[in-house]
Amino acid sequence: MKILMFAASFRKDSLNKKLIRNAAQMIPSGHEVNLKEFNEYAMPLYHGDLETDSGIPDAAQKFIQDIADHDAIIISSPEYNSGIPGTLKNAIDWTSRVNPVPWVGKQVLIMGASPGMVGTNRGMWEVRKPLEYLGAHVYPEMMGFAQANKAFDEHDQLKEEAMRPKLQKLLFKFTEYAEYVSKFRPAETPPPAPTKPSPTPESKAPEAGYNQKNP
């Protein structure tokens with residue numbers, strides 16, 4: 001199974017980058033893990049006129065293709081003001097502008113790290129919403145790390161012994177489930193062309209999550 005992993009943060013010393021790197025080391029053997037830097041997906045804010053004039057930006061095309069090329073996606077996201085980071089929401093919005101939407105049928109696991117006392121428990125629910133709307137199968141269990149500024153040692157490894165087995169268990173359950181479900185997935189369709197979608201006739205229902213109108 002091919003697994004894409006990234007932290008939805010641009011910051012060099014992001015707690016979520018540290019978390020996703022630790023998680024990547026814990027993925028059970030037998031899977032192809034592709035750990036990406038979110039910085040590779042730095043794209044402009046969604047703008048309908050920009051899309052009309054220039055099409056889908058290169059960074060957004062890369063993000064769309066990477067989602068399409070993997071069976072499962074694991075995201076470690078910060079929480080901004082009890083919600084989803086604007087950069088992640090913007091990237092997701094760009095993915096909705098192609099048809100078929102690359103998230104359809106993908107298995108997704110959400111986690112997050114925060115220096116706050118409640119971790120990213122509120123923000124993770126906001127990350128779920130657009131992904132589920134766009135057809136992703138988001139794993140029911142999520143994991144938020146509170147006071148994560150104290151969770152890593154000088155080598156950026158998780159130092160809390162209580163948290164390591166919990167994260168390992170979650171990753172094992174998710175990969176086992178995702179691999180099992182993937183066996184029953186219908187035959188693969190060609191990856192979405194990273195171009196502006198054609199208008200959808202009002203008489204025909206769009207695919208799951210497909211954005212008919214410019215937001």
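I will go through the nonpolar cores of this structure and then its aromatic pairs.

This is a predicted model, where local features need pLDDT of at least 70, side-chain atom pairs count only at pLDDT 80 or more, and totals for chains, interfaces and linings use all residues. Residues are numbered from 1 along each chain as its sequence is written, and side-chain values use heavy atoms, with hydrogens and water left out.

First, the cores. A nonpolar core is a set of buried Ala, Val, Leu, Ile, Met, Phe, Trp, Tyr and Cys residues joined through side-chain atoms within 4.5 Å. Buried means under 20% relative accessible area, exposed over 50%, and partly exposed in between, with a 1.4 Å probe and protein chains only. The largest core has 32 residues, and Phe6, Ile75, Leu88, Trp103, Val108 and Leu131 touch the most other members. Apart from it lies another core of 29 residues, including Ile20 and Leu158.

Now the rings. Rings of Phe, Tyr and Trp (its six-membered ring) pair if their centres lie within 6.5 Å; planes under 30 degrees apart are stacked, over 60 edge-to-face, and the rest tilted. The whole structure has 10 aromatic pairs. Phe6 and Tyr41 make an edge-to-face pair, 6.3 Å centre to centre with 75° between the planes. Phe6 is buried at 0% relative accessibility, and Tyr41 is buried at 1%.

Tyr139 and Tyr177 make a tilted pair, at 5.6 Å and 50°. Here Tyr139 is buried at 12%, while Tyr177 is partly exposed at 37%.

Last, ring pairs link Phe6, Phe10, Phe38, Tyr41, Phe63 and Trp103 into a cluster.
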